[in-house]
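This briefing concerns the structure displayed below.

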Amino acid sequence: MNQQKLPPDPLVLSYLALRKAVGIVGFALPFALGIGGFLLSRQGIQITMSDYYYTGMRNVFVASLCTIGIFLMSTRGYGLNDEITGRLAAFFAIGIALFPTTPAGDATSRAKAIGTIHLSCAALFYLTVAFISIVLFTKTSANSVPTPQKLQRNTVYRVCGFAILACISLILVFELLPDTNSLAKLTPVFWLESVASVAFGVSWLVKGETILKDQ
């Protein structure tokens, strides 16, 4: 006898939708900042994504990061590690938005202190989401066999996570170089941050079963 197919669990759908939303915002943010800044103010690419806080794209920058933080806080994982890392990533994302980077030029000591908090939140956010992609997203239940699609998703998660780590490492190397004036014109930090943001977005889009969904 054929079994009647039950309707999808609305709670499961809501969690998938939240993950997709996180992925969409993370993926779209660098494009929105770069293109929006040019269209609205005819501004070129800023040195970092955070520098858009001091442009007409401030609201987009802050709102996007707060949205990511709220969505991350609203998602649920499968265990305590998932809960803790999700909350930490949410806290750091909101911290990036609420504590702006140090402005160019002569900054006050207060602005520099706030900028230090901003950089710390940014670094910790990307390290946390890289950990989530590489370690947590690749887990499989002990009593189940991973499907071919799950194995493919794991590959995407690892590629995205290590891409984030590589971008953060390259930004650190750039900042430690003795003379970066010639390279700064190419805005390498912005592009590396953009790659990290896109990798973060792709990882969460896959986790939300946008692609590579189990058959």
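Buried denotes a relative accessible area under 20%, exposed one over 50%, and partly exposed a value in between (1.4 Å probe, protein chains only). By that scale, Glu209 is partly exposed because its relative accessibility is 29%. The model is predicted: local features need pLDDT of at least 70, side-chain atom pairs count only at pLDDT 80 or more, and totals for chains, interfaces and linings use all residues. Residues are numbered from 1 along each chain as its sequence is written, and side-chain values use heavy atoms, with hydrogens and water left out.

**Confidence**

- The pLDDT, the predictor's confidence in each residue from 0 to 100, averages 87 over the chain, and 92% of the residues score at least 70.

**Helices**

- Helices (H or I, at least four residues) and strands (E, at least two) are DSSP runs, numbered from the N terminus.
- Helix H7 covers residues 188-207, and its 20 residues reach 29 Å from the first C-alpha to the last, close to the 28 Å expected at 1.5 Å a residue; the expected span is 1.5 Å times one less than the number of residues.
- Because 15 of the 20 residues of H7 are buried, this helix is largely enclosed by the rest of the structure.
- Helix H3 (residues 80-98) has 19 residues and a reach of 27 Å between its first and last C-alpha atoms, close to the expected 27 Å.
- The buried residues of H3 include Thr85, Phe92 and Ile96, and what covers the buried residues of this helix includes helix H2 (58-74) and helix H4 (109-136).

**Nonpolar core**

- A nonpolar core is a set of buried Ala, Val, Leu, Ile, Met, Phe, Trp, Tyr and Cys residues joined through side-chain atoms within 4.5 Å.
- The largest such core has 43 residues, and those with the most contacts inside it are Leu72, Phe125, Ile164 and Phe200.
- The elements that give two or more residues to this core are H1, H2, H3, H4, helix H5 (148-176) and H7.
- Leaving aside neighbours within four places in sequence, Ile164 contacts Tyr126, Val129, Ala130, Ala196, Ala199 and Phe200.

**Individual buried residues**

- Pro30 is placed in helix H1 (residues 10-41) and counts as buried because its relative accessibility is 5%.
- Not counting residues up to four places away in sequence, Pro30 touches Met49, Phe190, Ser194, Ser197 and Val198; the C-alpha atoms of Pro30 and Val198 are 7.9 Å apart, although 168 residues separate the two along the chain.
- Thr101, in the loop between H3 and H4, is at 11% relative accessibility and therefore counts as buried.
- Beyond residues up to four places away in sequence, Thr101 touches Ser50, Asp51, Tyr54, Gly115 and His118.
- Gln149 belongs to helix H5 and, at 17% relative accessibility, also counts as buried.
- Apart from neighbours within four places in sequence, the contacts of Gln149 are with Leu212, Lys213, Asp214 and Gln215.

**Aromatic rings**

- Rings of Phe, Tyr and Trp (its six-membered ring) pair if their centres lie within 6.5 Å; planes under 30 degrees apart count as stacked, over 60 as edge-to-face and the rest as tilted.
- By this rule there are 10 aromatic pairs.
- The ring centres of Phe137 and Trp204 lie 5.1 Å apart with planes at 70 degrees, so this pair is edge-to-face.
- The pair links distant parts of the chain, with Phe137 in the loop between H4 and H5 and Trp204 in helix H7, 67 residues apart; both residues are buried.
- Phe190 and Trp191 also form an edge-to-face pair, at 5.1 Å centre to centre and 80 degrees between the planes.
- Within that pair, Phe190 is buried at 2% relative accessibility, whereas Trp191 is partly exposed at 46%.
- One aromatic cluster is formed by Phe125, Tyr126, Phe137, Tyr157, Phe200 and Trp204.

**Charges over rings and positive phi**

- A charge sits over a ring if NZ of Lys or CZ of Arg is within 6 Å of the ring centre and within 35 degrees of the ring normal.
- Arg58 lies over the face of Tyr53 at 4.4 Å from the ring centre, and Arg42 lies over the face of Phe38 at 5.2 Å.
- Arg42 is in the loop between H1 and H2, is exposed with a relative accessible area of 59%, and has a positive phi of about 55 degrees although it is not a glycine.
- Just after H7, Glu209 likewise takes a positive phi, of about 65 degrees.
- Most residues other than glycine have a negative phi.

Conventions
Contact = heavy atoms within 4.5 Å.
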